[in-house]
Amino acid sequence: MDDDMPDEVFPDLRTRHIGGWGVAQIAAGTGLAVYAMWVGILQPGFRKVPLKLQVPYIPASKGQVKNVMTLLRGRTGGLVDLGSGDGRIVLEAYQQGFSPAVGYELNPWLVQLARFHAWRAGQHGKVSYRREDLWKVDLSKCKNVTVFLAPSVLSLLKKKLQAELPDDALVVAGRFPFPDWNPCRIEGHGVDRAWAYSMQAQRQHTSQKNENFGATVNDTENELVQEKLSTLKIN
Ligand SMILES: C[S@@+](CC[C@H](N)C(=O)[O-])C[C@H]1O[C@@H](n2cnc3c(N)ncnc32)[C@H](O)[C@@H]1O
């Protein structure tokens, strides 16, 4: 190619610089695009959810899924993933023998994406993804529960789990542990880490702790939690 060519063909590029106004326009455009994506794709379903309980969608890593499944080894029956995202945990659980395998997810786009992933994996109709608020789901018959939610949400969720799950239920948390709960097993390291909790052992531990602290504190705490949970029941 001729050395002079760029100067002749793109004379403008040599003289035009992106000034402050150009940078501001690019920044505003990018910000708007990110906001539109957040509102249109990641946020639907969350408008009525208090801000501190809005957990963004972050898919579990491969290592995290593997660790969650390792902790569920030997378990049978159904499984629910609370806040199922693109459905990867539910799909993997079904493929490893858990049935029914159900995901509850508020974001309709993610529910559709999860269904697409299930269809692509040839499991269409075998797994179930429901667009439901996890706070409204009746967990009284769930034996295996998985969660990957923010610590602030987990500290409230543990009260719901403790109130509703049967004694023989196992809860597996990915990435963040339940604050103040005693895991029966831990698998993996760093961001891939997962914690398993036996409901029966957890109940015993909690009641022992409450005995030590006295019933009055326990009653007050329960009242506060009930109050908080009732405000979370979103229409
Ligand atoms: C960190 S992501 C985890 C996704 C998936 N469980 C995984 O491990 O890949 C948390 C998910 O919970 C969903 N979520 C948050 N609050 C919810 C609620 N109240 N009811 C149902 N889903 C909820 C979010 O939309 C998000 O997809």
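This briefing describes the fold, the core, the ligand surroundings and some backbone details of a predicted model. The chain has 235 residues, of which 29% count as buried, and its secondary structure comes to nine helices and seven strands. Among contacts between residues at least 6 apart in sequence, 66% join residues at least 24 apart.

- Strands of a sheet pair through backbone hydrogen bonds, and the pairing can be either parallel or antiparallel.
- β5 and β7 run antiparallel and are joined by five bridges, with Y197 in β7 as the bridge partner of V171.
- β6 and β7 likewise pair in the antiparallel sense, over three bridges, and W195 in β7 is the bridge partner of I186.
- β6 and β7 form a hairpin with six residues between them, and G188 in the turn has a positive phi of about 85 degrees.

**Burial of two strands**

- From β2, A101 and G103 point one way whereas V102 and Y104 point the other way, and all are buried.
- In β7, four of the five residues are buried, so this strand is largely enclosed by the rest of the structure.

**Nonpolar core**

- The largest nonpolar core holds 45 residues, and V68, V90, A101, V145, V171, V172 and A173 are the members that touch the most other members.
- Helix α5 (residues 88-95) gives the most to this core, with five residues.
- Leaving aside its neighbours within four places in sequence, V90 is in contact with D81, S84, A101, V102, G103, V127 and Y129.

**Ligand surroundings**

- Which of the 23 residues around the ligand come nearest? They are Y57, A60, G83, G85 and L134.
- By class, the shell around the ligand has 14 nonpolar residues, five polar residues and four charged residues.

**The loop between α5 and β2**

- G97 has its place in the loop between α5 and β2 (101-104), and with 12 C-beta neighbours inside 10 Å it counts as exposed, because the limit for that class is 12 or fewer.
- The C-alpha atoms of G97 and G77 are separated by 8.0 Å, although these residues are 20 residues apart along the chain.
- P100 lies in the loop between α5 and β2 as well, and the peptide bond that leads from S99 to P100 is cis, with omega near 0 degrees.

**The loop between β5 and β6**

- Most residues other than glycine have a negative phi, and most peptide bonds are trans.
- R175, in the loop between β5 and β6, has a positive phi near 70 degrees and is a residue other than glycine.
- D180 also lies in the loop between β5 and β6, and D180 has a positive phi of about 70 degrees although it is not a glycine.
- Are R175 and D180 buried or exposed? R175 has 22 other C-beta atoms within 10 Å and is buried, because 20 or more are needed for that class, whereas D180 has 11 and is exposed.

Definitions and conventions. Residues are numbered from 1 along each chain as its sequence is written. This is a predicted model: local features need pLDDT of at least 70, side-chain atom pairs count only at pLDDT 80 or more; totals for chains, interfaces and linings use all residues. A residue is near a molecule or strand if its C-beta atom, placed from the backbone, lies within 6 Å of it. Ala, Val, Leu, Ile, Met, Phe, Trp, Tyr, Cys and Pro count as nonpolar, Asp, Glu, Lys and Arg as charged, and the others, Gly among them, as polar. A nonpolar core is a set of buried Ala, Val, Leu, Ile, Met, Phe, Trp, Tyr and Cys residues joined through C-beta atoms within 7 Å. Two residues are in contact if their C-beta atoms, placed from the backbone, lie within 7 Å. Two strands pair if DSSP finds at least two bridges between them.
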